[in-house]
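Please work through each task before reading its solution.

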Amino acid sequence: MTTVRVTAAPARQAGPRGWLMEDSLAGMARRRALLGYVFLLPTLLGILIFTAGPVIVSLGLSLFEWNVFDPPVFMALDNYQRFFSDSRILTGFTNTAKMVSLAVVIEMILAFALALGVQRTVRPALRYFFRSAYFLPLLTSAATISIVMAYMFHSQFGVINYYLGLVGVPRIPWLEQAQWALISVVLVYVWHRLGFTFIVFSGGLGNLPKEILEAADVDGATGWRRLWYIVLPMLSPSILFAAVTAIISGLQIFDEPFVMVKGGPGDATRTVVMLIYESAFKNIELGYAAAIAAMLFVVILLVTVIQFRISKALVFYQ
Amino acid sequence: MDLFSNRHLNRRRFLQAALGAAGVSLVAACSSGAPAPKPAATAGAAPAGAAAPASGSTQGSLRIALFGSRSDADRRAALIPPFNKLYPNVKVEYTPIQGTDWEEFFSKVLTMKAANNAPDITFVATEGTQLFAGQGLALPLDDYVKRDQKDMAQYFSDVHPSLVEAMMYEGSLYELPIDFNVPNMYFNTSVLQSAGLEYPPADWTKDTFYDYAKKTAKKDSTGQTQAFGYQWVNRLWGSWLPWVFVNGSNLLTEERAPGGEWLWQAFYKDDKAATGRGGGWHWNAPKANDPANLEALDFMVQLLKEGVSAPVELGGGSQLQGFFSGGKLAMTPAGGFWAGGLHAAGMAADAFDVQFFPKWKSQRHQFGTAGYVIMKDARDKDLAWEYLKYLSGVEAMSIELNGNNSTPTRRSFMSAERYAPTGPKHWQVFYDTLEKNPDTAPIPAPPESNPMTTIFTKYSGLAMTQEMTPKAALDAMQKDLEALWAKRKK
């Protein structure tokens, strides 16, 4: 007689430990997931403490009047009412919008042209040199760059006007007239940030599938047609990423207008973030500053959502 | 039961003890970021005549916020060993805070206060005295000064009363002024000489200045400017405001605050310069568009339009200093601090000189002065006062003001020997401005000094860039200042 020995399936241990340590595919998946969360934990904690926490506190603060010296006073939505009736807010947002529009267009076109030029004409070994060279300004502090640039843009003794003068261009009041001051600030800002967008485009161009480009060549697509119908659509995810980061960064522009022209002449280069700074630390109205910051957050969020909506129709994902 | 005996320490007791300790720590942390202040007499409660703390046994630490760079703080590290000879168990730490102007420095100190991380002592200039005093951030020194009257007599006998008065608010003294700066007129001597001009007399006038400015402004054959006659930095101190002062006006209506007799009687009884002084200054209604102010700004714009004056500089004045030391600028308003600055920039002691600001309707100058305040949240106020007292002494001031990076408030420090390495030749001008022009007064610096300066520089800039006419700019400035003052009334 043959005896069949039946082995019972390992009993699931009681409690969470048993649930986790269960010797099955599900248990293994749970352990993997847990490990994933453990790895994520430092980052999540960092975000919670250093980003989400301050954002929540700032939102709360926007409902109070607080001058640092006295205890905060609850004001409900008064700060937001003031936001909509403060004429300087409109000026700040208008200046910021002008700077962002100008900066993003110049930055995107210039970075793309440079990336394309380096990709097509420079030997691979030299590309690293160009990438490092264009990225270098990004590693320098914006304040330092702004101080040096203020010297260079000086209308009387600056080198920019000196060289422009050599080719017959009359002296430009770079920092002294409202429209020129805004352009100067944008040029310095773009010069500082260009390397980042350049690297994004360089990476994107380097990863374009060769077989498609070769097929385009075989089909006779060259020059503008190849760029317009092949390269740009395939690069569109990189363009979207570069545009989103450029706009978000541009909406927060502060260092260059603050250091170079202190928001002047008058209010010509006073940006939203400068208004936040001045409200908080010059006028000591921390609640109102938090309300402006909250509204800027809403604007950035809206702009980003719109960008992603538009991108659904324009961005080509392989 | 002995908690720390292994024999009795089981897991339950350990957890109980740990939770208890954590709870106590949490409560302590929530109550304050800093250790609780000593219950000993604070300045407000210290009985006059009470004995100073015994130095040898005093323990503690002092954190001092300083307007400057790390190297400025390192330079002041030399102040600590002599203090530690008196107080060997006291740790003193300087925290440097950088900014382009005093407003930025104050902003950062206020941020520290908001974060419950305020220093014990803060270096504060005229621009912030009323802000710190008026908002209750600083401690009045009256009781300490009265208590240590004998110790303080020598200091006050050496310091001009106008500087002390500038550090008073509503009759109370908040700082012992350490240094000051008057915007006098600096000259690049080689630019002056190449224009065939002599060092001007002390009572030179606005018209003579205009003549000097025109003669020193140089253009080449292509019309490119080689040197400007005059330039200034767009800020509150030493901008175009000195012209407002010599034109007999001010940005705000001013009056002396009542009080302060206790100090004048105690220390300046026989000093004529102290006659009529009060308990600080009240800066009341704005008068930005006063006709005298308009006249002054018109003059500045006229110089600009004629190509005599360079466009105004924003920021801390480093660019202007570069132009001056490089021979591209003949004259600019600056204080004693510039002697050290120009020397450090490589200018020889005889390459520049200084004279009073030119006379217009008057020769009333403006000045800014600075000292240390004890913060109301200071952990040990008595100890902080001992450090302030030490800083006002001869030894500490000679360490602190080494290098002519500012003008010492002690007149006994002003000597040919002191200025021999750096210049200028007429160094006496710095202190004589106070002695010979007794109506000289501090820059207008009410508690609203920070936003007021933003408004002032904004419209000054608009006028100087010719985006607005001087009249329109001053009218708009007046309107904004009135709106700011309306908030004060609330």
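**Exercise 1.** How many residues does the contact take from chain A, and how many from chain B?

*Solution.* The model is a predicted one. Chain A contributes 30 residues to the contact and chain B contributes 32 residues. The area buried between chain A and chain B is about 2,700 Å², with 60% of it given by carbon and sulfur atoms. On the side of chain A, the residues that lose the most area to chain B are Phe69(A), Phe157(A) and Lys282(A), which together account for 26% of what that side buries.

**Exercise 2.** Determine the count of salt bridges between chain A and chain B, and describe the one formed by Lys487(B).

*Solution.* Begin with the count, which is 2 salt bridges between the chains. Next, take Lys487(B): its partner is Glu285(A), and the closest N and O atoms are 3.6 Å apart.

**Exercise 3.** Characterise the second largest pocket and its lining.

*Solution.* First, the volume of the second largest pocket is about 1,500 Å³. Second, its lining comprises 46 residues; those nearest the centre are Arg82(A), Asn283(A), Glu285(A), Leu484(B) and Lys487(B). Finally, the lining of the second largest pocket divides into 19 nonpolar, 11 polar and 16 charged residues.

Definitions and conventions:
Residues numbered from 1 in each chain as written. Chains lettered and ligands numbered in written order. Predicted model: local features only at pLDDT ≥ 70, side-chain atom pairs only at ≥ 80, totals over all residues. Heavy atoms only, no water. 1 Å grid on protein atoms, 1.4 Å probe; cavity = no way out; pocket = protein on both sides within 12 Å on 5 of 7 lines; lining within 4 Å. Points joined across faces, edges and corners; volume = space filled by probe spheres on them. Nonpolar A, V, L, I, M, F, W, Y, C, P; charged D, E, K, R; others polar. Contact = heavy atoms within 4.5 Å. Buried area = accessible area lost by both parts, 1.4 Å probe. Salt bridge = Lys/Arg side-chain N within 4 Å of Asp/Glu carboxyl O.
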